[in-house]
Amino acid sequence: MALKKQERQAMILEILARNVIDSQEEILHRLQNAGIAVTQATVSRDIKELRIVRRPDVNGQTRYQVMADATNQAGNDGNQIEQGFSDMAVDVTPVSFMIVVKTTQGNGNRLAAMIDAAEMPEVIGTLAGHNTIYVTTPTAEAAIALADQFNNWKQ
């Protein structure tokens, strides 16, 4: 059966609350086993919209977890991303019109989600891995200026 987006996302959150899930495929299979018609692309979009990231839990086991939604709190966006860079960024290097941000292990997606949520006008998009983020800007000059800002937050 097909569920409305809101119902499907609520089910994903319930699955994550009750189980240790470490892959999108496992989320997909649990939904399908519950009789929900869903594709991998839809699950991937839901994960992004729900701000779910894969990171170590308190026991060190890597799993999907919902990020705390501090971006909805008035006036807290700047502090959240600044704290994120302070806690997770290791190196920031501008390269042409991009910035390469190295993070502590397992925090690339988490910090990239913070960058995306900040909706900075000079950020066209991010691409994140386990400990590396590529931030695309419109120009080399914008990349240098933004890298300087990231480095200030990192300290």
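Predicted model: local features only at pLDDT ≥ 70, side-chain atom pairs only at ≥ 80, totals over all residues.
**The whole chain**

The C-alpha trace spans about 50 × 35 × 30 Å along its principal axes. Six helices and six strands make up its secondary structure. Followed along the sequence, they come in the pattern α-α-α-β-β-α-β-β-α-β-β-α.

**Two domains**

Next, colour residues 5-66 and residues 77-154 separately. The domain assignment calls the former domain 1 and the latter domain 2. The C-alpha centres of the two domains are 25 Å apart.

**The interface**

Now display the side chains where the two domains meet. How many residues of each domain are in contact? Four residues of domain 1 touch five residues of domain 2. About 440 Å² is buried between the domains, and carbon and sulfur atoms give 52% of that area. Select Arg51, Val53 and Arg55: these residues supply 73% of the area that domain 1 buries against domain 2, more than any other three residues.

The pairing across this interface can be checked in two ways. The count of salt bridges between domain 1 and domain 2 is zero. The count of residue pairs in polar contact between the domains, with both residues at pLDDT 80 or more, is zero as well. On the side of domain 1 that touches domain 2 there are one nonpolar residue, no polar residues and three charged residues.

Side chains of opposite charge can pair when their charged atoms come close. The whole structure holds four salt bridges. For one of them, select lysine 5 and glutamate 49, whose side chains meet with an N to O distance of 2.8 Å.

Move on to the rings. The structure has three aromatic pairs. One of these is formed by phenylalanine 85 and tryptophan 153; the ring centres are 5.7 Å apart and the planes stand at 55°, so the pair counts as tilted. Which helices does the pair link? Phenylalanine 85 is in helix α4 (residues 77-88) and tryptophan 153 is in helix α6 (residues 140-154), which puts the two residues 68 residues apart in the chain.

**Two loops with positive phi**

The last stops are backbone positions. Select serine 96, in the loop between β3 (89-95) and β4 (98-103). The phi of serine 96 is near 55°, a positive value in a residue that is not glycine.

Then select glutamate 119, in the loop between α5 (108-118) and β5 (125-128). Glutamate 119 is not a glycine either, and its phi is positive at about 50°. The tour ends here.

Notes. Residues numbered from 1 in each chain as written. Heavy atoms only, no water. Domains from an automatic or database assignment. Contact = heavy atoms within 4.5 Å. Buried area = accessible area lost by both parts, 1.4 Å probe. Polar contact = N/O pair within 3.5 Å; in protein donor to acceptor, adjacent residues only side chain to side chain. Nonpolar A, V, L, I, M, F, W, Y, C, P; charged D, E, K, R; others polar. Phe/Tyr/Trp six-rings, centres within 6.5 Å; stacked < 30°, edge-to-face > 60°. Helix = DSSP H or I, 4+ residues; strand = E, 2+ residues; numbered from the N terminus.
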